[in-house]
Amino acid sequence: MNFETSLIPWVKDIARKNDSSGHALYIMKDGKTVLEHYGGYHSFEPAAQEVKATSRFNIASARKSYIALVIAYALYDRLLELDRPLEDYMEESNPVFSGVSIRHLLTHTHGIGEGGEGLYTEFTPGENWSYNNVGVDTLAHLVMEMYGGTISSFLQERIFDQLNWKETGWENEDSPQLVKIISSRDEKALNGLHADCDGSRKNLFVSAREFAWWGQLHLDKGKVGNRQIIPEEVVNLATTIQTPSGLPYDLPRNGAFWYVQDIPRMKSEIGDAVPVGSYQILGVTGPTILVIPKYQIVAVKMYNKRYNYGGANYLHYLKEYSNRVADACT
């Protein structure tokens, strides 16, 4: 396996092309770290810190994998049912939710769009796929009501504290460990913070190594050593395909927000070389976890540049990353 020569130059090249100030790469094989690489700085500011092991990146939409686990717990605890209408769980319903199930919200097949005047029906639930934040926002607030607490406290108590993770959390105050978000080299870097740390917002910061450990926890079906930290069925609910049957061939298949590989699909972010049963999640600032159970691999890359490289062709580069990881395993 030649991860170093295959992936480090590629990750560095994309960072340069996309004008990301910092990057990281962390690969685990059979539960052990086999590659750890850090480069660049927390921002382009003159006194910015170098990216290192303790640097924590804003993971943007990759946070959905954390929210997804709490939703999977709610399914496991029978607080939710996948194919039950969302309206059954709501005191006041919006007409756009008519016909929308929990499964639709989890798999981006709900058909609800977001616009300047609010929510609207984009397509019939279960008949198409469209990526937006309606599903995660709706379900995040629903499970917090059901558990009577925040997503962040749920995960902190059940997982992060159990494993002594100190580099994962939603943040509302700046600190030296937090990597800035770059919109443009010529603009002041964004801090990515939010006043609300309930776990529903885009202010989750994670180090590359704890992001990889998060992937490893899923790969190991919730088990760490001899301890079953998360019930295996919870992890299975999150990382196996939950997409309604009959979706058009080219569209992605999802678990609980994770992209899951069954066969190569044109609009999926997972490359054709990646084996069946693999799963991946990413954020708009570049953080990505790819889990390949067949090869017992967890591959994490981190950037801090808003919008993944490639413009309208960004899927090509996402697929190229996962293909490179898979090819290095064979």
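Colleague: Where does Ala-60 sit?
Modeller: In this predicted model, Ala-60 belongs to the loop that runs between strand E3 (56-58) and helix H2 (64-76).

Colleague: Is Ala-60 buried or exposed?
Modeller: Ala-60 counts as buried, because its relative accessibility is 6%, which falls under the 20% cut-off.

Colleague: And what is phi of Ala-60 near?
Modeller: Phi of Ala-60 is near 50°, which is a positive value in a residue other than glycine. As background, most residues other than glycine have a negative phi.

Colleague: What about Asn-164, what is its phi near, and where does Asn-164 lie?
Modeller: Phi of Asn-164 is near 60°, again positive in a residue that is not glycine, and Asn-164 lies in the loop between helix H5 (151-160) and strand E6 (168-170).

Colleague: Buried or exposed, that Asn-164?
Modeller: Asn-164 counts as exposed, with a relative accessibility of 52%, whereas Ala-60 is buried at 6%.

Colleague: Let me step back to the whole protein; how many helices and strands are there?
Modeller: The secondary structure comes to eight helices and 13 strands. The radius of gyration is 19 Å, close to the 20 Å that the globule rule gives for 330 residues, so the protein is as compact as a globular protein of that length.

Colleague: What box do the C-alpha atoms fill?
Modeller: Taken along the principal axes, the C-alpha atoms fill a box of roughly 50 × 45 × 45 Å.

Colleague: How much of the protein is buried, and what is its accessible surface?
Modeller: Buried residues make up 57% of the 330 residues, and the accessible surface comes to about 14,100 Å², of which 46% belongs to carbon and sulfur atoms.

Colleague: What share of the contacts comes from residues 24 or more positions apart?
Modeller: Among contacts with a separation of 6 or more, residues 24 or more positions apart account for 57%.

Colleague: How many positive and negative side chains are there?
Modeller: There are 32 positive and 40 negative side chains, and the centres of these two sets lie 6 Å apart.

Colleague: Changing topic, how many disulfides does the structure hold?
Modeller: The structure holds zero disulfides. As for individual cysteines, Cys-197 is partly exposed with a relative accessible area of 23%, while Cys-329 is buried with a relative accessible area of 10%.

Colleague: Back to helices, then: how many residues of helix H7 are buried?
Modeller: In helix H7 (residues 232-239), six of the eight residues are buried, so the helix is largely enclosed by the rest of the structure. The buried ones are Val-234, Val-235, Asn-236, Leu-237, Ala-238 and Thr-239.

Colleague: What do the buried residues of H7 pack against?
Modeller: They pack against H2, helix H6 (208-219), strand E10 (259-260) and strand E11 (279-282).

Colleague: Which residues does Tyr-76 touch?
Modeller: Tyr-76, which is found in helix H2, touches Pro-231, Glu-233, Val-234 and Leu-237, once residues up to four places away in sequence are set aside. Tyr-76 counts as partly exposed at 40% relative accessibility.

Colleague: And Tyr-66, is it buried or exposed?
Modeller: Tyr-66, which also has its place in helix H2, counts as buried at 0% relative accessibility. Leaving aside neighbours within four places in sequence, Tyr-66 is in contact with Ile-59, Leu-155, Phe-160, Thr-168, Trp-170, Leu-204, Val-206, Phe-211 and Trp-214.

Colleague: Where is Gly-255, and which residues does Gly-255 touch?
Modeller: Gly-255 is in the loop between H7 and E10, and this glycine is buried with a relative accessible area of 0%. Not counting residues up to four places away in sequence, Gly-255 touches Leu-106, Thr-107, Ala-238, Thr-240, Ile-241, Gln-242 and Val-260; of these, Ala-238 is one of the buried residues of H7.

Colleague: Last one, Met-144: which helix, and is it buried or exposed?
Modeller: Met-144 is in helix H4 (residues 134-147), and it counts as buried at 11% relative accessibility. Beyond residues up to four places away in sequence, Met-144 touches Gly-149, Thr-150, Ile-151, Asp-198 and Ser-200.

Colleague: How far is Met-144 from Gly-199?
Modeller: Their C-alpha atoms are separated by 9.4 Å, although Met-144 and Gly-199 are 55 residues apart along the chain.

Definitions and conventions: Residues numbered from 1 in each chain as written. Predicted model: local features only at pLDDT ≥ 70, side-chain atom pairs only at ≥ 80, totals over all residues. Heavy atoms only, no water. Helix = DSSP H or I, 4+ residues; strand = E, 2+ residues; numbered from the N terminus. Rg over C-alpha atoms; globule rule 2.2 N^0.38 Å. Buried < 20%, exposed > 50% of the residue type's maximum accessible area, 1.4 Å probe, protein only. Contact = heavy atoms within 4.5 Å. Areas by Shrake-Rupley, 256 points an atom, 1.4 Å probe, with all protein chains shown as cover. Lys, Arg positive; Asp, Glu negative; His and termini not counted. Charge placed at Lys NZ, Arg CZ, Asp CG, Glu CD. Disulfide = S-S within 2.5 Å.
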